[in-house]
Each structure stands twice: as structure tokens, then as C-alpha cells.
Amino acid sequence: MKLTKTLLATTALTVAAGASATAQEMADSMTLVSWGGAYQESQQKAYVEPYLANNPGVSATWDESSAEAVAKLRAMNEAGNVTWDLVDVVASDAMRLCDEGLAMELDHDEVLAAAPDGTDASDDFGDLIVSDCFVPQIVYSTTFGYRTDMVPEGTEPPSSICDVFDLETYPGKRSLQKRPIDNMEWALYCDGVAKDEIYDVLGTDEGVDRALAKLDTIKDQVVWWSAGAETPQLLADGEVFLGSTYNGRLFSAIAEQDQPIGMMWDMQSFDLDGWIVPAGLPEDRLARVMDFLKFATDTQRLADQAAYISYGPARESSAPLVGKHAELGIEMAPHMPTDPANATNVHIYDYEWWADNRDDLDAKFQAWLAQ
Amino acid sequence: MSVMTLTPIEKKPLSFALPVIGAAGAFAGLFVGTSHGSGLMGIVVGAVALMALGFVALQVLGLSMEKPVRWGIIALFTIAGVLLAGVPGFVLGVLFGWFFAFFIYWIGEGRYRANLAPYLTGGQVLWHYSFRVLCGAIFVFLITPILVVMPLSFNAENFFTFTPEMLRFDPAGYSLKHYEDFFTSSGWQQALRNSLAIAPVATLLSVSFGTLAAIGLSSEHVPFRRAIMAILISPMIVPLIISAAGMYFFYSRIGLQGTYMGVVLAHAALGIPFVIITVTATLVGFDRSLTRAAANMGADPVTTFFRVQMPLILPGVISGGLFAFITSFDEVVVVLFVGSANQQTLPWRMFTGLREQISPTILAVATILVAISIVLLATLEMLRRRSERLRGMSPG
């Protein structure tokens, strides 16, 4: 009888201890969502592998679904079964997810590491925190690359965004992204609109027509792309003379694949990419994700990432730590979109303006494409 | 080799032969011309050159010189090919030369009528051959995309491009690095393991359930046979994306979404229609009196099934199983919905890889998958023949 009582008591104690331990414990696996390719590889090398080395017994699985993250998170939320722990999205998607309540709002100073000199995370990231749910990782840009061997003889290589619209000096096909963002702004800029008036002009019907009319002048020479890998492929094939894509893709084609491609940074369009945490994660998974997030977005980790891909770290304190390419040994700083030499004339696209006008302009742009 | 000749052949007048040969030359010239900048020029040059060749071969030198003339034409085309396009031109030149050497005599000497019935009119002869050319063109149209993939998978560069080195047949332009990438990358290997873990189990389930359903549905006393059949084969007819979305929400609710078992069950549901259809087809030729005879001799239904019915319908079961296997192995839509990152199959990885990173590793995988598919389909065809043979021997 006594024995039974003791046994029961110990069991109860063990159960209680077990329960309290689980409450603080972190899940031992994470599902990270990203874009695949060289970018995901840079995340894997710069912060996932070091994190897993520090935390033996934890595993991370990648899901290359960032392209449809918004739709999938909606479906997961509806089905009540969120299987993702941390999702890499562009800033505009993060804003949408935050508005819909699908991403968790974060207190950046509390959940993220401070800079080495003690600056708060929110000051270190600065303006790049465009949404309460968003933890920026990198600054990338959509810019142009051209075939150096297809520049007409006796002409300078293209150096201005308006060379894209100049079919006489630079004949040949161009590849542009199949969406109005950036293309409309570039068209207006090259039609003589001052940079700070672009969105005012684009806000009117005449402005939209004006941008489309400018795009009309090159329409039959344009190949429209929708995946970032397409322009490097088209350039490598010599199918197009110049084309827009993410600057990291061009860097990889030039520096890693030795393609005869040159960069044209004029009016490059900055954009942000970063993490969001899906809303409604169970406690143990959330604890693990927060632990990882704090590690993965600290100053050193973001600087490390730049050794694998030419995207600028989102923290100000990371910039001085950017070193050489991990395999090629070339200095990475001059290949960053944020490098002063590259950023002489940049286009900052207006998230809020596009959030308000996107549906309308998408419809007009698609109708124009079909004409 | 003896070729049976149905119709005595005779030399055709030059007024017929030369224009036909010229037209073929113009057609070939169009391609060569287009690749060198001027299609029209190619047409004219091709037509004139071939007509001249035809005239020399048929009229000036005649039939007695056929062998040397044929070799001459091949040599001529080869030299022209090399001059126009180097090493690839050499290969094309040999092929074109070989074809036209044959074609000139085939038309000029009227050999094309040799194997046709003598009473056919000119129009019927023309149709006979245009039909074959059309079929060939459709075949080429269907198969070319697959064939293009294969050499590209040996590309030494990380792009989907036939590099100048490849076109020169320079060994430096080729490499096995994309195959190496496939066999060494943990992501691809995990995907391969997932595919190999999911497909066989899904196939096993499809085959068991599908065969049972087919046998049940082919006996007359089952009520609502047609309706049940329609429901069971609906995954084949309903657009995949709809099944996938439905499965996603249903499986999420019962906790199967994102699990290995969930993907297996989903793929089994997709594979069952194939098994039902092939097994039902074999059952049509199955003589029911055999099962009654077995029962009469004291065998219970299970014994009857395994000893009598199963061996006879086995080819149908296996071909259905192969279809189910390929369905699961090639399926991307449903697994994207029902699976989670831990169940990434080969097609899933190829899909995401193609969208985000156009890497020729996908081509290497595609080539391997095509090879597997060919082996499976060849097996299928052999089984079908065996089944036909068996059915021919079975009573009734």
C-alpha cells in the first residue's frame, strides 16, 4: 500500500515536471520557407547551418514556396493547420499578410538582437521596418544587365535607364518583368517626368496612358518575364540584348558563370526581403522560431550572408562587416546595390502608393499587354 | 533482302521528277536559308541546286551510274554542310545528302510506286505518302521537346543553352556535372527517396482497392454499378487542382495534411481509376464459368480468386499498377497541396527548381525520369502482348 502511494506520488511528480518542462521547451524542428536557388543557399550557409551547429538535435526543413506564400498562408489559416514556422517574403507581401492578420506582429526591439554597439534593433534597421510583422534581411534591387558582346560597334555600353527605350542606338530585344511596378515608373521617367513627380503623374489616367504609350514604343521588342531566373537565361542565350532582373541573379551570371554580361545600375529599383512569423503558432514552435530569428538577423549573420550573394544586409551595423565572396574571394561591397558607386541614381518604389493602386494598374497593364 | 514488287516501275519524265525534287530542295533550303538570314534565298538556291543535281543524276549520268552518283551527292552535301556550319553542318550534311541521294532516284525512277497496288491513281499515291509524312511530322512534334532535353542535360554550363562548344561537338562543352549534382545534392536525394517511398505504397493501395472494385463492379448483381464506377473514376476526370484543393481542406481537418500517409492516400485515390479501368477491360474477356467450375470443385471464393481469376487478369492488374505508379511518381499538383516540405517529391522539386532557378539539373532528372518511363512503358507493352496471347488461348 505504501509502495503504491509512493509510486503514484512519483508518477504525479514526474508528469508535473514533464508538463512544466514542455511549456518552456522549444520544438526541435522548423520549417523555413524561402525562394530556393542561390538566395536560399546563402541563408542556409550564413545562418541555418551555424544555428544547427549551435543547437544539436534541431532540424530545419526548407519549403521553396515564397512565391505563393500569401495564398498558401491564407489556405493554411482557413484549414486551421499552419505548417510553416518562418516565411521569407518581399516587403509588400509582408504588409498584406500583416493587414490580414496572417503574420504575427513583433516588437522589434524585444525579439531581435541589438547591434554590437548597443543600438536598438529598430534603429539599426531604421526605415526598412516597413511593417510591424516584418523583419528585414536584405536590400535587393531590380536592375538591368546587358550583353557586352551585343553592344553595337562604336557605341558606348548602355548606362542610363532611358537606353532601354532607345531602340535606335541599342537595337535588340529587351526583357522586362510582367507587371506594372517599376516599368511604369521607368517609362514616365524617360518620358521626361521628374523623379519626385512620378507617382503624382501615375495617379492620373493621363499619366497611366502616358507611361503605357512610352512602353508602346518598345512593346514589340519586349520579352516579358515572371521568374527571376528567366532574364539571366535569356541573356546567356543571347535572346535579349538587355533585361531587368534581381541584381543577385546578374551577379551570379557574371561572377560565377562567366557570362559576357554588364551591369547597368541607373534607376535601379530597391526592394526589401525579410522574415515574417505566421500567426497562431503553438507555443513550443514559436519559442524555437523566435530563438532562431534572433540569431539569424543579428549583425554578424546578415553580414555573413553577403559573402554568398550580392544583396545588401538590412542592418546598418552589418555594412562595415561585409567581406569577400566565400568561394570567389572577390570583394562583395562593390557588387551591392547599396554601394555608393552603384546607388548614384536609384528609384525608391512607393509601397503604399502601390498597395492602393495595384489592382487598378494591374488590370490596365494586363489589358495593354493583350492589345 | 527480297522486296516484293507489286507494280512494275518505270522511269518518270523529267517534267514530273525535276519539279518534285526541286520542291523538296526548296523546303530543305528554307530551313538552311532561314538560319543564315534569308529564307527566300534558301528556297531559290535549294530548288535550283536540287533540280540541277536531279538533272545530272537522272538524265546525264543515268541509272548505270547510280552508286557513284549517290556517294557523290552525299559528299557534296557534306562539304556544303561543313562550309556553312562546321562540325554540326557535317552531320546534317551527311543526313541531308543521304536523303536526297535516295530521294532523287526514288522519284526519278518511279520507285515510289513499287509497293503500292497498280490501280491507284496519282492522287491516291500522293495521299498515301502525304499521310505518312503527316504522321511523321506529328510524331516529331510530340517527341522533339523530350529529345531536346537530353543533350541539354549534358551541358557544361548552368543555362538551358546549346553553347557553341556543344554545337561544335567539343567535349569541353559537355559534362556530367548536372547528373553529379543530382546524385550528390541532399535535397534531390531526399526528393528521390520521398518519391520512392511514396509511389510503391500508393501503387500497392491502388492495385488492391482498384482490383477489388473492378471485380465487384463487373458482377451483375451489384446495385448502382454505373454510379459507383463513375464516382470511383472521377479523380481521373475532375481537374486535378480541384481534387487537390478538396483533399487539402479535408486532410487538414482530419490531421493527414503534411503527413506521409496523407500523400500516399491521395496518390492512391488518383491511381485507383487506372487500375479499375485496365482490370475491368481484362475482366471482359474473363470467362465467369471458370469461377463457377472452381466453386463446383470445392474451392472457396478466396482460393478461386488467387488460383483461377488472378493469374488470368494479372496482365491487366500489372498494367494498371504501372499507370498508378507513374501517376504517383510524376504527380506535382496534389503533393504540393497535401504534402509538406518533408514530403517533397521529385516532381515537386523540379517544379520549384524550374520556377526559381532554371538549372540544368532539372534536365538531368528529366532525362533519368524519361528513361524510367520508357522502361516501364516497354514492360507494359510486353504485358499487353502477353495478355492478348493468353486471351487468344482462353476458352470463349
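The domain assignment of chain B, whose bounds come from an automatic or database domain assignment, gives domain 1 (2-119) and domain 2 (185-393). The C-alpha centres of domain 1 of chain B and domain 2 of chain B lie 50 Å apart. This is a predicted model, in which local features need pLDDT of at least 70 and side-chain atom pairs count only at pLDDT 80 or more, while totals for chains, interfaces and linings use all residues. Residues are numbered from 1 along each chain as its sequence is written, and chains are lettered from A and ligands numbered from 1 in the order in which they are written.

**Contact between the chains**
- Chain B brings 19 residues and chain A brings 20 residues to the contact, where two residues are in contact if their C-beta atoms, placed from the backbone, lie within 7 Å.
- On the side of chain B that touches chain A, helix H9 (240-253) and helix H14 (346-356) of chain B each supply at least two residues, and H14(B) gives the most, with 4 residues; helices (H or I, at least four residues) and strands (E, at least two) are DSSP runs, numbered from the N terminus.
- That side of chain B has 6 nonpolar, 10 polar and 3 charged residues, with Ala, Val, Leu, Ile, Met, Phe, Trp, Tyr, Cys and Pro counted as nonpolar, Asp, Glu, Lys and Arg as charged, and the others, Gly among them, as polar.

**Nonpolar cores**
- The largest nonpolar core has 82 residues, and those with the most contacts inside it include Leu188(A), Ala211(A), Met247(B) and Val338(B); such a core is a set of buried Ala, Val, Leu, Ile, Met, Phe, Trp, Tyr and Cys residues joined through C-beta atoms within 7 Å.
- Helix H10 (residues 260-284) of chain B gives the most to this core, with 10 residues.
- Not counting residues up to four places away in sequence, Met247(B) touches Ala266(B), Val334(B), Phe337(B) and Val338(B).

**Thr291(B)**
- Thr291(B), placed in helix H11 (residues 289-296) of chain B, is partly exposed, with 17 other C-beta atoms within 10 Å; a residue is buried if 20 or more other C-beta atoms lie within 10 Å of its own, exposed if 12 or fewer, and partly exposed in between, with C-beta atoms placed from the backbone.
- Not counting residues up to four places away in sequence, Thr291(B) touches Thr304(B), Val308(B) and Gln309(B).
- Thr291(B) and Met247(B) are 44 residues apart in sequence and 39 Å apart in space, C-alpha to C-alpha.
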